[in-house]
There are 2 protein chains.
Amino acid sequence: MTDNSSTPETEVLSLLPTRLRTARRDKGLSLDAVAKLSGVSRSMVSQIERGESSPTIATLWNLTRALQVDFAGLLEGVDEPAGIEVLRNAHVPLIANAGQGCSIRILSPPEEVGRHEVYDIRFKENGILDSAPHKRGAREHLTVITGNVRIKAGQQVELLGPGDTARYPVDQPHTISAEAGPAQVFLVVQDA
Amino acid sequence: MTDNSSTPETEVLSLLPTRLRTARRDKGLSLDAVAKLSGVSRSMVSQIERGESSPTIATLWNLTRALQVDFAGLLEGVDEPAGIEVLRNAHVPLIANAGQGCSIRILSPPEEVGRHEVYDIRFKENGILDSAPHKRGAREHLTVITGNVRIKAGQQVELLGPGDTARYPVDQPHTISAEAGPAQVFLVVQDA
DNA sequence: GGAAAATTTCCGTGATTTCGGAATTTCATG
DNA sequence: CATGAAATTCCGAAATCACGGAAATTTTCC
């Protein structure tokens with residue numbers, strides 16, 4: 001394999017072998033077992049796990065299915081904090097000047113932006129939050145804590161009460177608004 | 001390339017060529033241009049885009065960098081529902097017999113299991129929820145709506161009040177429990 | 001239309017992956 | 001410490017990927 005470790009980006013590939021081996025061992029599988037499961041030969045699996053060959057996406061795909069690992073995450077860097085991170089109520093970052101009559105509390109860490117954002121949004125009476133389209137494939141997951149809200153995504157409109165949940169694509173203009181009196185909602189944005 | 005389209009999963013790979021070509025054309029780049037940018041030869045890029053060969057992850061990686069596309073998302077299927085999905089309070093699926101004195105309301109759709117799970121958990125006084133370790137890299141993101149809770153992840157323990165948020169890795173045993181009186185929390189599980 | 005330029009596909013060659021089986025190592029057990 | 005079984009690594013041969021240059025196609029412009 002041609003490993004010209006010149007660019008730091010390339011080294012991400014060097015993580016793959018160990019990750020695969022770990023995944024297999026964690027499941028207590030032998031090379032032979034995954035070979036049968038994945039259709040990739042024992043020897044190939046061995047070579048790949050030792051970084052002696054750079055697999056075709058086809059074979060890598062088969063391996064990930066057999067090992068039940070997420071193909072997507074396989075190439076990402078690993079840099080998660082170790083312990084419990086606590087964000088106190090008083091210290092939650094706020095966005096006050098978005099929309100009208102609403103304050104957005106940012107509960108997710110900056111590192112996760114784009115993959116996984118969590119917000120606690122509080123609307124005053126008649127509060128409204130208008131959003132421009134995000135990236136294609138992005139979705140929002142909204143649950144009402146208190147009050148009533150109206151969701152508009154593209155053409156469609158829905159009314160939600162306490163405890164209700166809505167999920168919708170946000171690669172289009174969308175609006176959240178308090179319906180009659182104040183409201184509080186919990187919002188998870190996925191793949192924005 | 002050996003495209004034995006027997007399993008439906010395999011067809012995900014067939015999406016890759018078009019996606020790459022689209023990405024390139026959208027940027028208005030020629031084969032030659034991406035060849036120079038990525039270090040992959042013109043002809044190879046052409047073959048890959050036409051599905052006539054299944055690239056090595058090494059070369060695919062170089063391509064993604066040149067085209068500035070997300071390697072992770074490149075292999076994901078596209079099957080998200082189009083409109084707003086609503087889940088009414090009364091119809092939220094419940095897990096009653098997990099832990100003691102707590103009921104878990106499942107807010108995320110079954111399709112998302114493993115990537116992105118959202119729960120609304122309600123504890124009675126002294127309620128407790130014990131969980132076995134999940135997959136490595138998994139994290140939980142917990143926000144307290146009402147009451148006080150105690151989080152235990154591995155050795156570490158934290159006490160949270162209303163509005164507080166905690167994030168922690170869950171590739172280890174972890175416990176959530178109501179601290180003094182009942183509590184309600186919002187839980188997002190990532191990459192479980 | 002026709003010629004020039006650019007873009008893409010085809011083709012021969014060398015490097016790399018992939019496979020199946022043999023050889024080696026590791027591990028449990030008496 | 002010997003022995004057998006299991007797991008892993010080594011070793012050809014066949015298949016496929018990857019490259020650079022030539023042919024073919026498409027685009028542009030007069």
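Which residues in H1(B) meet which residues in H3(B)? The legends below take up this question and the DNA contacts. This is a predicted model, in which local features need pLDDT of at least 70, side-chain atom pairs count only at pLDDT 80 or more, and totals for chains, interfaces and linings use all residues. Residues are numbered from 1 along each chain as its sequence is written, chains are lettered from A and ligands numbered from 1 in the order in which they are written, and side-chain values use heavy atoms, without hydrogens and water.

**View 1. H1(B) against H3(B).** Leu16(B), Pro17(B), Thr18(B), Leu20(B), Arg21(B) and Arg24(B) in H1(B) meet Ser46(B), Ile48(B) and Glu49(B) in H3(B). Contact means heavy atoms within 4.5 Å. Helices are DSSP runs (H or I, at least four residues), numbered from the N terminus.

**View 2. The helix angle.** The axes of H1(B) and H3(B) lie 7 Å apart, at an angle of about 125 degrees. Axes are lines fitted to C-alpha atoms over the stretch in contact, and angles run from 0 to 180 degrees between N-to-C directions. The two helices are therefore oblique to each other. Angles under 35 degrees count as roughly parallel, over 145 as roughly antiparallel, 65 to 115 as roughly perpendicular and the rest as oblique.

**View 3. Polar contacts to DNA strand C.** A polar contact is a pair of N or O atoms within 3.5 Å. Ser43(A) places a polar side-chain atom 2.9 Å from a base oxygen. For Arg21(B), a polar side-chain atom lies 3.2 Å from a phosphate oxygen. Leu31(B) uses a backbone N or O atom, 2.7 Å from a phosphate oxygen.

Technical notes
A polar contact is a pair of N or O atoms within 3.5 Å; within protein, one must be able to donate a hydrogen and the other to accept it, and residues adjacent in sequence count only if both atoms are side-chain atoms.
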